[in-house]
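Please examine the structure below together with its sequence. The paragraphs that follow lead from the chain as a whole to its aromatic rings.

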Amino acid sequence: MAGIELDRVIEGDCVQGMRALPDGIADLVFADPPYNLQLRNELRRPDQSKVDAVDDAWDQFGSFGDYDRFTREWLTEARRVLKDTGALWVIGSYHNIFRVGAILQDLGFWILNDVVWRKTNPMPNFRGRRFTNAHETLIWATKNPKQQYTFNYEAMKALNDELQMRSDWTLPICAGHERLKGADGTKAHSTQKPEALLHRVIVASTKPGDVVLDPFFGSGTTGAVARRLGRRFIGLERDPGYAKIARARIAAVTPAPDDAIEVTRSKRAEPRIPFGWVVERGLLPPGTVLHGSQKRHRAKVRADGTLVCADATGSIHQIGAHVQGLDACNGWTFWQYEDKGSLIPIDVLRQRLRADLA
């Protein structure tokens with residue numbers, strides 16, 4: 001991206017930092033803003049040890065009005081720096097996510113999903129006066145309902161063992177070796193998110209080389225995952241200490257090889273291949289006999305890419321539906337050709353042509 005320095009951490013206020021960026025620089029904005037937790041008293045475990053809760057000054061606001069004004073300011077700038085084809089992800093808890101959601105809708109964002117991150121190892125509710133708070137909510141939104149946006153559906157399905165990825169994600173909180181610690185052994189950042197969460201967001205909604213902007217960069221989780229996955233990033237962080245931690249963390253990341261960062265493309269994004277191309281390129285010459293499952297049905301390939309069966313002619317889809325007595329059929333997956341005694345789906349030939357076009 002000419003004239004724009006990427007893969008950097010910019011120190012300073014997030015709103016001012018975004019105002020210094022050009023319109024439409026980001027393919028994705030991932031935001032983990034202050035939650036405005038409104039903690040009243042210190043929290044202690046049953047053994048009276050103090051819980052290391054989020055009580056940082058950056059998470060404290062004088063009123064809901066102050067928080068709403070702050071939210072409107074950063075979301076306004078996030079919308080401006082986002083490409084028309086880009087998307088916004090913002091994460092929060094019950095303390096703030098409903099206010100954030102209302103404001104982003106007021107600003108014209110279009111919500112695609114709310115995703116529940118269900119924590120496998122949440123902090124217990126020590127006082128026993130409420131349910132254990134075991135989840136956080138992410139909102140995924142675009143700038144308007146009619147725009148195109150990246151959603152790697154097939155990649156998400158592959159990540160989920162060939163099942164559709166649902167909007168409830170079960171992942172552990174950041175702990176163990178992944179949790180960054182200071183020299184005194186305490187948490188380097190109180191709200192560090194797990195890399196698995198960012199991995200899923202980035203794989204779902206970006207392509208290699210896309211620019212991911214994080215206005216609340218913190219310890220640099222977004223940048224670390226973006227670098228590993230072959231994406232570019234811009235991080236905004238007002239705390240110099242956090243910025244220093246983030247830079248060191250990202251510098252230690254080894255990017256994955258170029259051939260490993262590609263994801264399974266959505267079938268809708270693949271180039272359309274007419275069956276006639278298979279015929280005219282000689283992959284299935286006119287006269288080739290195609291078979292249905294277990295050779296229960298058969299049809300012959302004609303020179304114009306249509307099929308003929310005992311009592312009808314038409315496309316691979318029309319004849320596939322006709323011989324089965326169905327209203328519709330995907331002929332690419334129904335019809336097979338015989339090669340050395342084996343039946344092979346004709347879709348194999350479509351994929352071969354797609355590879356030639358790549």
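The accessible surface of the chain amounts to about 19100 Å², and carbon and sulfur atoms account for 49% of that surface; such areas come from the Shrake-Rupley method with a 1.4 Å probe, and for residues only the protein chains shown count as cover. This is a predicted model, in which local features need pLDDT of at least 70 and side-chain atom pairs count only at pLDDT 80 or more, while totals for chains, interfaces and linings use all residues. Residues are numbered from 1 along each chain as its sequence is written, and side-chain values use heavy atoms, with hydrogens and water left out.

Of the 358 residues in the chain, 43% are buried, a term that stands for under 20% relative accessible area, with exposed meaning over 50% and partly exposed the range in between (1.4 Å probe, protein chains only). The C-alpha trace spans about 80 × 50 × 40 Å along its principal axes. The radius of gyration of the chain is 26 Å, whereas a compact globule of 358 residues would have one near 21 Å; the radius is taken over C-alpha atoms, and the globule rule is 2.2 Å times the number of residues to the power 0.38.

The chain contains 11 helices and 14 strands, which are DSSP runs numbered from the N terminus (helices: H or I, at least four residues; strands: E, at least two). Among contacts between residues at least 6 apart in sequence, 67% join residues at least 24 apart, contact meaning heavy atoms within 4.5 Å.

The structure holds 11 aromatic pairs. Rings of Phe, Tyr and Trp (its six-membered ring) pair if their centres lie within 6.5 Å; planes under 30 degrees apart count as stacked, over 60 as edge-to-face and the rest as tilted. One of these pairs joins Tyr 67 and Phe 70, tilted at 50° between the planes and 6.3 Å centre to centre. Why are Tyr 67 and Phe 70 separated by about one helical turn? They are 3 residues apart in helix 2 (residues 64–81), and therefore about one helical turn separates them. Tyr 67 is buried at 1% relative accessibility, and Phe 70 is buried at 16%.

Phe 70 also pairs with Phe 216: the centres are 6.0 Å apart and the planes at 65°, so this pair is edge-to-face. Because Phe 70 lies in helix 2 and Phe 216 in the loop between strand 7 (211–214) and helix 6 (221–228), the pair ties together parts that are 146 residues apart in sequence. Phe 216 is buried, at 14% relative accessibility.
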